[in-house]
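Hi,

Here is the structure we talked about. Please open it alongside this message, then read on for what turned up.

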Amino acid sequence: MAIVEKVIEAPPQQVFDVLADGWTYSDWVVGTTHVRDVDDDWPRVGSQLHHRAGPWPVSLQDASTVLHSEPPHRLVLRAGLWPAGEAIVTFTLEPVGEHATRVRIGEDFAAGPLRWVRNKLNDLVLHLRNRETLDRLSDIATRQKTQR
């Protein structure tokens, strides 16, 4: 499992609020190019976010499903990208002092062809992608802080 972490200068609830706004996923999840629909009860267990990933014209449509939600500390998703497969993505938020949060993303392929393609190059690409994802999440969460 690839795990990346970053300290974001915002409290856990403020960071989780970004995770809980499914319409922002294409703004901060690297590879997600368009959010097509978000269930009204997102991020409750079983709810889905319908997205498109990858470059046009070969982008894929699929959905991510909430497997576990414990605001503001943890969110676990099954991210679909069929026919390539699906991944289990875990966001863990831990307070660091009064106004900061250590955010960890753990991601592992759970089904499909991507599950069988594990090597150092794929791990590096996944690590770099998730580091950029956390940088983007940080930008949005800290920008919200300054707007309040």
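**What was found**

Start at helix H2 (residues 25-28). Tyrosine 25 and tryptophan 28 both lie in this helix, three residues apart, about one turn of the helix. One caution before going further: this is a predicted model.

An α-helix has 3.6 residues a turn, so residues three or four places apart point the same way. Here the two rings have their centres 4.7 Å apart. Their planes are at 50°, so the pair of tyrosine 25 and tryptophan 28 is tilted. Both tyrosine 25 and tryptophan 28 are buried.

Tryptophan 28 has another aromatic partner, phenylalanine 91. That pair is edge-to-face, with 5.8 Å from centre to centre and 70° between the planes. Phenylalanine 91 sits in strand S6 (residues 86-95) and tryptophan 28 in H2, so the pair ties together parts that are 63 residues apart in sequence. Phenylalanine 91 is buried, as is tryptophan 28.

In total, the structure holds three aromatic pairs. Tyr25, Trp28, Trp42 and Phe91 form one aromatic cluster.

**Helix H1**

The buried ones are Pro12, Gln14, Val15, Phe16, Val18 and Leu19.

**The largest pocket**

The volume of the largest pocket is about 740 Å³. Its lining is made up of 31 residues. Nearest the centre of the pocket lie Val30, Gly31, Leu81, Glu107 and Arg129.

Which of them gives the largest share? It is H3, with six residues.

By residue type, the lining of the largest pocket divides into 18 nonpolar, ten polar and three charged.

**Salt bridges**

Side chains of opposite charge can pair when their charged atoms come close. This structure holds eight salt bridges.

Take lysine 6 and aspartate 135. They form a salt bridge, and their closest N and O atoms are 3.0 Å apart. This pair links distant parts of the chain. Lysine 6 is in strand S1 (residues 2-8) and aspartate 135 is in helix H3, 129 residues apart. Are these two buried or partly exposed? Buried means under 20% relative accessible area. Lysine 6 has 26% relative accessibility, so it counts as partly exposed. Aspartate 135 has a relative accessible area of 27%, so it is partly exposed too.

Glutamate 132 is partly exposed, with a relative accessible area of 34%. Arginine 136 is partly exposed at 29% relative accessibility.

There is also a network: salt bridges that share partners join Glu5, Glu94, Arg102 and Arg104. Within it, the side chains of glutamate 94 and arginine 102 meet at 3.3 Å, N to O. Glutamate 94 counts as partly exposed, at 31% relative accessibility.

Best wishes

Conventions. Residues are numbered from 1 along each chain as its sequence is written. This is a predicted model: local features need pLDDT of at least 70, side-chain atom pairs count only at pLDDT 80 or more; totals for chains, interfaces and linings use all residues. Side-chain values use heavy atoms; hydrogens and water are left out. Buried means under 20% relative accessible area, exposed over 50%, partly exposed in between (1.4 Å probe, protein chains only). Helices (H or I, at least four residues) and strands (E, at least two) are DSSP runs, numbered from the N terminus. Rings of Phe, Tyr and Trp (its six-membered ring) pair if their centres lie within 6.5 Å; planes under 30 degrees apart count as stacked, over 60 as edge-to-face and the rest as tilted. On a 1 Å grid over the protein atoms alone, a cavity is a set of points where a 1.4 Å probe fits but cannot get out, and a pocket is an open set with protein on both sides within 12 Å along at least five of seven lines; lining residues have an atom within 4 Å of a point. Grid points are joined across faces, edges and corners, and a volume is the space filled by probe spheres set on the points. Ala, Val, Leu, Ile, Met, Phe, Trp, Tyr, Cys and Pro count as nonpolar, Asp, Glu, Lys and Arg as charged, and the others, Gly among them, as polar. A salt bridge is a side-chain nitrogen of Lys or Arg within 4 Å of a carboxyl oxygen of Asp or Glu.
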